[in-house]
Amino acid sequence: MMTITIWSDFACPYCYIGETRLQQAIEELGIGDSVQIDFRAFELDPSAPKEVTTTTPERFAMKYRLSVPQAEKQIEQISELGREVGIDFRYSTTQYSNTRDAHRLMKFAEKKYDRATVGRLNEALFAAYFTQNLVLADHKVLTAVAVAAGMDEKEVKEVLDSERYADEVRFDEREAGMRGIHGVPYMLINGSFAIPGAMSLEGFKAALERELRKNDASNDTKPAERPHRCGPDGCELL
């Protein structure tokens, strides 16, 4: 069994794109039954408000010192990467808010539910943000997403109305810090081969095939191409 550990945030465009490419690579190689994915929390902005206070182009322009038209162009270029892998990517109209409760919900799912449910929830949270443009800090939104993924509504509400699983989220983030992870997505295959960003579909396939062959002739854990990723200071621009 191949284990892939993924640190990501639901407000990270490259995380959604990268995880989608990874899933497509797994499907094309026909190895879905022999791959286990473990999700880890990584908040790009732990201090983000629970209420939406700016538009994405405005926030982008301010963060990267761009004009709003320049920001919109960069956002569209990133969105096109998402559309290329089949996502109805609507980055420009995302509603930026705190993602901690979404991560707590994922920790609850991992504790209580099977991997299929966890996978559905992970995908649904990304889609809620980047496709449906919902507010991930809104407990009503999170509850609806969780129930649609197959989780119990009462239990979900109880978790969200508490601080349960906050320690688990912080543990994931401390582990990321100890590993020197400063940007996401960050993927670790079988605990040793690191993919520090969203590679191309072919790049992911090559990495998976390398691990399948157990070709340990090289100790280089860096992929040949330059992956895209986001960090606390922002996302790499195209």
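These are my notebook entries on a predicted model, kept in the order in which I looked things up.

**Entry 1: the sheet**

I began with the strands. Four of them form an open sheet, and I read the order as β2-β1-β3-β4, with mixed pairing. At the edges I found β2 (35–41) and β4 (193–195), each of which pairs on one side only. On average, neighbouring strands here are turned by 20 degrees against each other, direction ignored. A reminder to myself: strands of a sheet pair through backbone hydrogen bonds, either parallel or antiparallel.

**Entry 2: β3 and its partners**

Next I took strand β3, residues 186–189. How many bridges join β1 to β3? I noted four, and the two strands run antiparallel. Within that pairing, threonine 5 has leucine 188 in β3 as its bridge partner.

On to the pairing of β3 with β4, which is antiparallel over three bridges. I looked up two of the facing residues by name. Isoleucine 189 stands opposite phenylalanine 193 in β4, and methionine 187 stands opposite isoleucine 195 in β4. The hairpin of β3 and β4 has three residues between the strands, and there I spotted asparagine 190 with a positive phi near 50 degrees.

Then I checked where the β3 side chains go. Tyr186 and Leu188 point one way, while Met187 and Ile189 point the other way. Buried or exposed? I found all four of these residues buried.

Which strands does helix α8 touch? I see α8 (residues 166–178) packing on the sheet with contacts to β1 (2–8) and β2. The direction of α8 makes about 100 degrees with that of β2.

Helix α9, residues 201–213, was my next stop. I have α9 lying across β1, β3 and β4, and it runs at about 175 degrees to β4.

**Entry 3: helix α1**

I then asked how covered α1 is, and got mostly covered, with 12 of its 17 residues buried. Among them are Pro13, Tyr14, Cys15, Tyr16 and Ile17, as well as Ala25 and Ile26.

Cysteine 15 has a relative accessible area of 0%, so I marked it buried. Cysteine 12 also counts as buried, because its relative accessibility is 0%. Just after α1, glycine 30 takes a positive phi of about 65 degrees.

I picked arginine 59, which is found in helix α2 (residues 56–64). Why does arginine 59 count as buried? Its relative accessibility is 17%, and the cut-off for buried is under 20%. Leaving aside neighbours within four places in sequence, I listed Thr54, Tyr96 and Tyr129 as contacts of arginine 59. I also took one C-alpha to C-alpha distance: arginine 59 and alanine 71 are 12 residues apart in sequence and 8.8 Å apart in space.

Serine 79 came next, with its place in helix α3 (residues 68–84). Serine 79 has 2% relative accessibility, so I put it down as buried too. Not counting residues up to four places away in sequence, serine 79 touches Phe89 and Tyr91.

**Entry 4: the α6 and α7 pair**

Two packed helices are described by the angle between their axes and the distance between the axes, and I looked up both values for this pair. Helix α6 (residues 139–148) and helix α7 (residues 153–160) pack at about 145 degrees, with axes 10 Å apart. I noted the crossing of α6 and α7 as right-handed. Which residues meet? From α6 I wrote down His139, Leu142, Thr143, Ala146 and Val147, and they meet Glu153, Val156, Lys157 and Leu160 in α7.

**Entry 5: the disulfide**

The torsion about the S-S bond of cysteine 230 and cysteine 235 is about 100 degrees, so I recorded the disulfide as right-handed. Both cysteine 230 and cysteine 235 are buried.

Technical notes:
Residues are numbered from 1 along each chain as its sequence is written. This is a predicted model: local features need pLDDT of at least 70, side-chain atom pairs count only at pLDDT 80 or more; totals for chains, interfaces and linings use all residues. Side-chain values use heavy atoms; hydrogens and water are left out. Two strands pair if DSSP finds at least two bridges between them. Axes are lines fitted to C-alpha atoms, for helices over the stretch in contact, and angles run from 0 to 180 degrees between N-to-C directions. Contact means heavy atoms within 4.5 Å. A disulfide is a pair of cysteine sulfur atoms within 2.5 Å. Buried means under 20% relative accessible area, exposed over 50%, partly exposed in between (1.4 Å probe, protein chains only). A crossing is left-handed if the near helix is turned anticlockwise from the far one by less than a right angle, and right-handed if clockwise.
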